[in-house]
Amino acid sequence: MSARDHAISYPKFLWRAVSMATDGSWLFYTWMLVLTAIALVGANAWAQQTVDGMALTSMSDHVSWGLYIANFTFAVGLAAGGVMMVIPAYLYRDERMHDVVIVGELLAIAALVMALLFVVVDLGRPDRFWHLMPFIGRFHWPISMLTWDVIVLNGYLLINAHICGYLLYTRFIGKKPDPRWYIPFVMVSIVWAISVHTVTAFLYSGLGGRPFWNSALLAPRFLVTAFITGPAFIVLTLRFMRGATRFAVPSGPVATLVGVMRVTVIVNLFMLGAELFTELYSGGSHAAAAEYLWFGLHGANALVPWTWAALLFNVAAAVILLTPALARRYWVLNAACVLAFAGVWIEKGMGLIIPGFIPSTLHEIVEYVPSTTEWRITAGIWAFGLMVYTVLMKVALPIVAGEERLDRRGAPAKPTAPAPAARDEEE
Amino acid sequence: MAEEPTDPTSEPAKEGFDRRTALKVGGATLGAAAFARALAPLTEWTEDLSVDGFLQKHYKELTPEELSAVLRRHEAETERRYGREVTIRDLRPQEGVSFGYALNLSVCIGCRRCAEACHIENNHDRRTQTSYIRVLEMTQGSFDMEHGTAVYDHEAVPAPGKYYMPVQCQQCDNPPCVHVCPVEATWKEEDGIVVVDYDWCIGCRYCEAACPYHARRFNWERPVVPAEEINPNQSYLSNRIRPQGVMEKCHFCLHRTREGRAPACLEACPTGARVFGNLLDPNSDIRWVLENKRVFVLKEDLGTRPRFFYYFG
């Protein structure tokens, strides 16, 4: 195809994508409507917070980061975990994974959008965002770890958007994707996923004044938990696709991802044990934050029920995943994915951020419980992230299945095309 | 994804297609309207924002003319918003001056007059009673802050068995807050003072997380100060009334000290526990203390190299 052909077919691709993203069953419309409503509540709360000030949050000079940064950290992990599909597919040449890889990459895109939004709503002066732009503002690179995070998060978003966009577009025009145009990016995205979460961990572990974060184990543990939440979410998505949509999903990928989770849940529990031992065995003031988190400190114990719940969830998920008799049952395995996801959300969200500030650097204990504004905005961003994911999947799946092509609309490639597995129809 | 299987071969009838398109357009319009409604509070906010303010450059990039215009704009804004005529100047570090501070823990009685003086001098928010100084009541026999408290309320100070340790910005020579700032909104000046450009800060609060001394404060909302209580002697990098949503911190009262005066906290101290001066001047009080007293710094193990010294004696 010449450049002129692309100039015609690419807008067609975009237009078709818009129309696919807005067409669907009543179930789809209801789902999107509910998410839109929640997102609007969040947008309104954010507008109010921007006008009236961050005083609408429960954060203080003692606990100066809260629910937003907790969810930011978790969302970055989810984005990094999205590539868990890519690694077996391309690094180990697991052909069965190739067709569902896009499910993970689209998850990475949606999670990154959420992560970036969580940073924006945490800014006291969002109107000054341009100060953070390289070349235009004053970008304190390479000294500030936050500038590294800006680079890796946006870079990761671009890489994944390119890979997904390229593969979908070539499918759409009925061409075989040129490996030179996406394989190098896939390889970069694997390394980049690791870097995204490492840099995010360094944001915290680089602070000498915060003993709870100042640990070399933080980055490895971030990666391990990312490779719990990513696969857990993807397994649930694949199973939903299989049950509720017409797309055929091979069972191989689910088995591979469950295999990954079997390792990561147990490594995470081991790392947790290693951290707790180091903190609590020697004791002293540097253990105060861990004491606060797990047992409460001088009567302050807002996080105690949460952190034990997280431990319970993580242990339960590990027991299910490592007991074949349980993991074989459809709903039990689904429950394990939900438990692992929720467990990490608590542990790596509020369970990581808040004890960094309690006790404060002057050993004062000021507790933090998120305000309704914070919950609204957080729910709004999650709803928006799910909308992005839904729309992306809605566009991607029929194209990958070969149903939507430039030369035909809404028709299956073959009368009984087994959907995503239909690789043979590439020209 | 949540799509019911439809018969994909049947092209939708023209009528159906049109209705569907109409519904989509209607839905999109409604959605856009709802979105605009949700974000409506922002219009109230943009009234407060000026184009000049939005486009304003970093302090270090402003030409003298631009800076002058900025100062006049802020003066006018303070008058409009707070009803008080103020002077906002730009004071630069002096040649051959490098500031240091020392505090004698043996004579500090924990009266917190320094914290109060700071509150007034620096036009802090009256409702939250903010101050750059936090005085810790420590227990005799322990130097562990875990056994101290900043919220004490006695009839008389000093309380028996206690000693007092005021903590404020240590003006570190290796300042973690400056390193972590993603936009260079905070930096160390020639005379050792760590300052914030309140007009450049994006309010991410990374510096507040990085500071090991709880020295930084965030403007969670617009400060409230009654007109008659406003200190009109202001400067750009120090005590001018801060905007909402930005960081601030102790600046060694640079609008005073860069003109040879003492910081407000020192002036307010009834026991003479505080010693401030030029580290480069061999005849200064601060040099005498550093040479003759057994001084120490807080959290030396973190490598922050403070310019704020403590001693007993």
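1. Met387(A) is buried, its relative accessible area being 15%; the cut-off for calling a residue buried is under 20%. The structure discussed here is a predicted model.

2. Met387(A) belongs to helix α16 of chain A, which covers residues 372-400. Which residues does Met387(A) contact, leaving aside its neighbours within four places in sequence? They are Met32(A), Leu35(A), Thr36(A) and Ala39(A). One of these, Met32(A), is 355 residues apart from Met387(A) along the chain, yet the C-alpha atoms of Met387(A) and Met32(A) are separated by 6.6 Å.

3. Attention now turns to chain B. Here three strands form an open sheet in the order β10-β2-β11, and the pairing is mixed. Strands β10 (274-278) and β11 (308-311) of chain B are at the edges; each has a single partner strand, so one side of each is left without a neighbour in the sheet. From one strand to the next, the twist averages 20°.

4. In general, strands of a sheet pair through backbone hydrogen bonds, in either a parallel or an antiparallel manner. In chain B, strand β2 (residues 99-104) and β10(B) run antiparallel and are joined by five bridges. Within this pairing, Phe99(B) of chain B stands opposite Asn278(B), a residue in β10(B).

5. Helix α10 of chain B, comprising residues 285-292, packs on the sheet. Which strands does helix α10 of chain B touch? The helix touches β2, β10 and β11 of chain B, and its direction makes about 110° with that of β10(B).

Definitions and conventions. Residues are numbered from 1 along each chain as its sequence is written. Chains are lettered from A and ligands numbered from 1 in the order in which they are written. This is a predicted model: local features need pLDDT of at least 70, side-chain atom pairs count only at pLDDT 80 or more; totals for chains, interfaces and linings use all residues. Side-chain values use heavy atoms; hydrogens and water are left out. Two strands pair if DSSP finds at least two bridges between them. Helices (H or I, at least four residues) and strands (E, at least two) are DSSP runs, numbered from the N terminus. Axes are lines fitted to C-alpha atoms, for helices over the stretch in contact, and angles run from 0 to 180 degrees between N-to-C directions. Contact means heavy atoms within 4.5 Å. Buried means under 20% relative accessible area, exposed over 50%, partly exposed in between (1.4 Å probe, protein chains only).
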